[in-house]
Amino acid sequence: AEKHAGVSCVTASMDDIQFEEAARVGQIIVIRTKVNRAFKTSMEVGIKVTVQDVLTNAEKIVSVAYATYVAKPVGAGKVELKPVQLLSAEDHLEHSLASERRRIRLGYVQVFHKLMQESNKEGDFYTCEEEDALSTEHTHVQSTELVLPPHANHHGNTFGGQIMAWMQTVASISASRLCRCHPILKSVNMFKFWGPSFVGDRLVFNAIVNNTFHNSVEVGVRVEAYNCEEWIKAQPRHINSAFLIFNAVNDKGELLTFPRVKP
């Protein structure tokens with residue numbers, strides 16, 4: 001992103017991430033990235049992650065993801081980006097698809113906000129009628145992390161990947177309290193940065209199971225940041241929220257069924 005923009009860039013959001021394969025100790029991870037399209041002030045960066053087995057030399061796709069980056073403002077105005085130079089048929093295809101993904105992404109956010117507004121109307125509450133449904137109360141997990149220099153990039157901003165890793169940890173603990181085993185992360189949905197965090201911030205992660213869907217479970221995670229003054233005054237900054245989908249398998253590799261839950 002910075003190579004294309006020529007200035008410092010920050011992550012604005014990640015499209016939904018699907019994990020097709022698990023990477024294990026001793027395997028080689030290969031990450032390839034390129035700018036697919038530059039819009040007026042933002043750009044889409046495609047990320048392809050593959051894993052290589054050193055014994056068999058087989059290569060499998062772990063994930064294909066798309067990140068949106070913006071250039072850090074210089075002064076009061078936003079930085080306008082130059083168009084991407086297209087060199088191959090694949091470049092032209094990704095350039096066209098990037099526009100469609102952006103349209104879907106913007107519509108996705110609008111639909112989500114509309115659903116939230118409708119569900120927050122007074123008297124609109126979800127109830128589970130099943131007697132054996134488990135309460136989600138015991139799946140609530142909270143964690144606090146101090147952002148240190150190794151957790152931040154060259155701008156002093158917390159790595160988005162570091163935040164995602166911490167989110168996965170609390171979400172995995174939350175899911176495990178329901179399934180009583182080690183859950184496997186399958187996707188990360190609606191991962192958007194609402195604001196930055198910096199070295200020295202305290203990040204508070206709250207995770208809870210939202211619902212189960214036979215062989216999968218959704219865990220919602222909310223991240224709030226505090227500097228020293230905000231910590232004392234209890235004035236958090238909401239910097240990120242996301243929904244993580246897990247499943248679980250038994251010793252035979254068969255998918256386990258999750259119990260129904262009541263919020």
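Is Val-54 buried or exposed? With a relative accessibility of 53%, Val-54 counts as exposed, where exposed means over 50% relative accessible area, buried under 20% and partly exposed in between (1.4 Å probe, protein chains only). This is a predicted model, in which local features need pLDDT of at least 70 and side-chain atom pairs count only at pLDDT 80 or more, while totals for chains, interfaces and linings use all residues. Residues are numbered from 1 along each chain as its sequence is written, and side-chain values use heavy atoms, with hydrogens and water left out.

Next, select Asp-15 and Arg-105, which form a salt bridge (a side-chain nitrogen of Lys or Arg within 4 Å of a carboxyl oxygen of Asp or Glu), with their closest N and O atoms 2.8 Å apart. Asp-15 lies in the loop between strand 1 and strand 2 (17–18) and Arg-105 in helix 2, so the pair ties together parts that are 90 residues apart in sequence; helices (H or I, at least four residues) and strands (E, at least two) are DSSP runs, numbered from the N terminus. Both Asp-15 and Arg-105 are buried.

Then move to Arg-101 and Glu-94, whose side chains meet in a salt bridge at 3.0 Å, N to O, and which are both buried.

Finally, select Arg-237 and Glu-230, a salt bridge with the closest N and O atoms 2.6 Å apart. Here Arg-237 is partly exposed, because its relative accessible area is 22%, whereas Glu-230, at 15%, is buried.
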